[in-house]
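Trainee: Can you walk me through a structure? I'd like to ask as we go.

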Amino acid sequence: MRPAEERRGAAGEGRAVRDRAPGPPARVGAFALRTLRNEGRTIFVDPVRRLLRRGPAGLLLAGVAVGGVIFFHALAQRPAGADVVRAVGGVQGDLPLWLALLRTPVSLYVPALDLPVWAGITQLFLAFALAENSLGRARTLAVAYATTLAGTLSARVMILAGPDRWGFGLPPEAGQVLDTGPSAAVVGLFTYISVVRRAPVVFLLTGGSMVWESIAKPNLAGREHLVAVAAAIVLGLLHGRRPAWLPDPRSLLRRPKRPKWPKWPKRPKWPKRPKWPKRPKRPKWPKRPKRSGPAGPGGVAAPDAGAQAASSVGAPAAPSAAEMPSVRADAGLNVDI
């Protein structure tokens with residue numbers, strides 16, 4: 001075969017290999033890798049990015065939970081402290097309902113005495129840290145308390161049902177078992193996150209481990225964990241579908257706004273004082289006419305031409321000196337007479 005035909009044959013074989021569809025194992029492996037990649041991004045990568053933006057404030061609930069567990073565990077190591085822990089956060093099935101509801105929030109931080117506390121602290125820190133940065137503080141606290149309360153109330157229902165009722169009842173002796181620990185809250189948070197974020201692998205690991213625990217070691221705690229998983233599934237399916245009559249749980253943790261005091265009315269402005277009218281200006285007197293012309297005999301100034309003209313128009317002209325009779329002549333005339 002010539003070299004060109006050999007290259008053409010090799011290209012045809014490569015195209016045939018590429019056109020061949022992958023087998024079922026390859027498809028299953030690709031699906032598993034794609035699912036793990038998506039879950040890793042939604043469950044771990046996104047919360048870590050949000051934690052980097054928020055800083056240490058994003059680990060507030062996780063720090064409080066871990067600190068509370070360590071505190072109650074150290075307090076329970078002493079006889080007097082154990083009594084205090086039992087009186088504050090110990091929940092049993094035979095307690096009155098109001099007392100059990102009062103102790104339930106504290107029981108989230110009371111570790112079980114028959115379980116290793118440090119392994120539980122790791123799970124508790126991871127669950128609260130992921131939930132706080134994925135769901136928010138208000139929703140994290142609501143889900144943790146709801147799942148714990150569901151497990152506590154289900155234990156009372158099982159005890160009331162009796163050991164031979166519907167296969168899930170418990171004998172009355174189970175009411176004296178100390179039901180404490182944050183395990184129900186941890187299981188509920190992981191299940192809720194897996195349902196909301198569409199993470200089947202995390203859901204199977206959480207729910208499968210609880211089912212295996214209840215089968216391998218059937219006890220009250222295993223049943224409560226299953227109830228917590230069921231409650232978290234229901235809450236996850238109802239995510240974003242809050243009824244109109246149900247208040248928003250985030251509003252319970254918001255600080256109410258301080259009411260603003262009403263502003264004092266402004267002081268009315270007094271009307272401005274009216275301006276007095278301006279005093280009219282004093283009229284100016286006409287200026288005295290200036291004298292003009294040379295002075296006459298005897299130091300008397302001769303009348304000006306204007307005055308002469310005015311006098312000539314309005315009054316008869318005065319007689320001249322020649323026309324006026326002489327005083328002496330008149331006097332002489334009288335004497336002669």
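Trainee: Is the crossing of helix 7 and helix 10 left-handed or right-handed?

Mentor: The crossing of helix 7 and helix 10 is right-handed. Helices here are DSSP runs of H or I, at least four residues, numbered from the N terminus.

Trainee: Before we go on, where does the model come from?

Mentor: This is a predicted model: local features need pLDDT of at least 70, side-chain atom pairs count only at pLDDT 80 or more, and totals for chains, interfaces and linings use all residues. Residues are numbered from 1 along each chain as its sequence is written, and side-chain values use heavy atoms, with hydrogens and water left out.

Trainee: Back to the pair. At what angle do the axes of helix 7 and helix 10 cross?

Mentor: Roughly 130°, and the axes come within 8 Å. Axes are lines fitted to C-alpha atoms over the stretch in contact, and angles run from 0 to 180 degrees between N-to-C directions. Helix 7 and helix 10 are therefore oblique to each other. Oblique is what remains after under 35 degrees (roughly parallel), over 145 (roughly antiparallel) and 65 to 115 (roughly perpendicular).

Trainee: Which residues in helix 7 and helix 10 meet?

Mentor: On the helix 7 side, they include A146, A150 and M158. On the helix 10 side, they include L220, V227 and L235. Contact means heavy atoms within 4.5 Å. By class, this contact has 10 nonpolar, 4 polar and 2 charged residues. Ala, Val, Leu, Ile, Met, Phe, Trp, Tyr, Cys and Pro count as nonpolar, Asp, Glu, Lys and Arg as charged, and the others, Gly among them, as polar.

Trainee: And how do helix 7 and helix 8 cross, left-handed or right-handed?

Mentor: Helix 7 passes helix 8 in a right-handed crossing. Their axes come within 8 Å and cross at roughly 125°. The contact includes R139 and V143 of helix 7, with G188 and Y192 among those of helix 8. Its residues divide into 6 nonpolar, 4 polar and 1 charged.

Trainee: New topic. How many cavities of 30 Å³ or more are there?

Mentor: The search of the whole structure finds 1. A cavity is a set of points on a 1 Å grid over the protein atoms alone where a 1.4 Å probe fits but cannot get out.

Trainee: Which helix gives the most to the lining of the largest cavity?

Mentor: Helix 7, with 4 residues. Lining residues have an atom within 4 Å of a point. Helix 10 also supplies at least two. The lining divides into 6 nonpolar, 3 polar and 3 charged residues, with V91, D179 and E224 among them.

Key
On a 1 Å grid over the protein atoms alone, a cavity is a set of points where a 1.4 Å probe fits but cannot get out, and a pocket is an open set with protein on both sides within 12 Å along at least five of seven lines; lining residues have an atom within 4 Å of a point. Grid points are joined across faces, edges and corners, and a volume is the space filled by probe spheres set on the points. A crossing is left-handed if the near helix is turned anticlockwise from the far one by less than a right angle, and right-handed if clockwise.
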